Amino acid sequence: MNIGDLAPNFSLPDQNGHTRTLSELLTAGPVVLFFYPAAMTAGCTKESCHFRDLAGEFAAVGAQRIGISMDTVEKQLAFGSQHSLDYPLLADLGGVVAKTYGVKRPVGFLKVRRTTFVIGSDGIIRDKISSEMDMNVHADRALAALRA
C-alpha cells in the first residue's frame, strides 16, 4: 500500500474483544494505523507510548490512533494496561491485514515491518511512515501529515 491508495477495509478484535472495522472508524475522522512487530518489546513499547503521550495533539487534528500487531487479544490487553495506552490495539492473529497492507514479513521473530499509515476520512492513504530504528518518527510524522 502506498500514498494515494484506497486503504483496504478490515475487521479485527481490539484488546477488549470488540470488533473494530476500518470503515466504521473512518466515520469519526482520519485514522493513524500503526503496525508494530510485537507487544511488550522495547521498541514497540517506546513507539506505542509516544503515540499515547501525543493524545492531545492527535485529538486536536481529529485523528484516531490505532495500533495493530499479530499478538493475541490477551497480550494486547496486558500491553495496553501495563502502559496505560488509551487507544485500540488490534489483534491481527493470522497476519491477514498485515499481508494486505504489505507489511508482513515472510519469517522471523519480528512478524511485521514497523509501518504507519495515515488514512484520511475518505479512506485514502495520505502518508506512509516506515522506520525500524526511529520509534518517535511514526507519531511525529503522522501528526505533520495530518496538519498539512
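1. A residue counts as buried here when its relative accessible area is under 20%. The model is predicted. By that cut-off, Val 31, Leu 33 and Phe 35 are buried on one side of strand S3. Val 32 and Phe 34 point the other way from S3, and they are buried too. Strand S3 covers residues 31-35, and five of its five residues are buried.

2. S3 has strand partners. Five bridges tie S3 to strand S4, residues 64-69, and this pair runs parallel. Val 31 has Gln 64 as its bridge partner in S4. Five bridges also link S3 to strand S6, residues 115-119, here antiparallel. On that side, Phe 34 is bridged to Thr 116 in S6.

3. Now the fold as a whole. The chain holds six helices and seven strands. Read from the N terminus, the order is β-β-α-β-α-α-β-α-β-α-β-β-α. Take the contacts between residues at least 6 apart in sequence: 62% of them join residues at least 24 apart.

4. Overall dimensions come next. A compact globule of 148 residues would have a radius of gyration near 15 Å; the chain has 14 Å, so the two agree. Along the principal axes, the C-alpha atoms fill a box of roughly 35 × 30 × 30 Å.

5. On burial and surface: 51% of the 148 residues in the chain are buried. The accessible surface is about 6,600 Å². Carbon and sulfur atoms account for 55% of that surface.

6. Last, charge. The chain carries 15 positive and 15 negative charges. Their mean positions lie 5 Å apart.

Conventions. Residues numbered from 1 in each chain as written. Predicted model: local features only at pLDDT ≥ 70, side-chain atom pairs only at ≥ 80, totals over all residues. Heavy atoms only, no water. Helix = DSSP H or I, 4+ residues; strand = E, 2+ residues; numbered from the N terminus. Rg over C-alpha atoms; globule rule 2.2 N^0.38 Å. Buried < 20%, exposed > 50% of the residue type's maximum accessible area, 1.4 Å probe, protein only. Contact = heavy atoms within 4.5 Å. Areas by Shrake-Rupley, 256 points an atom, 1.4 Å probe, with all protein chains shown as cover. Lys, Arg positive; Asp, Glu negative; His and termini not counted. Charge placed at Lys NZ, Arg CZ, Asp CG, Glu CD. Pairing = 2+ DSSP bridges.
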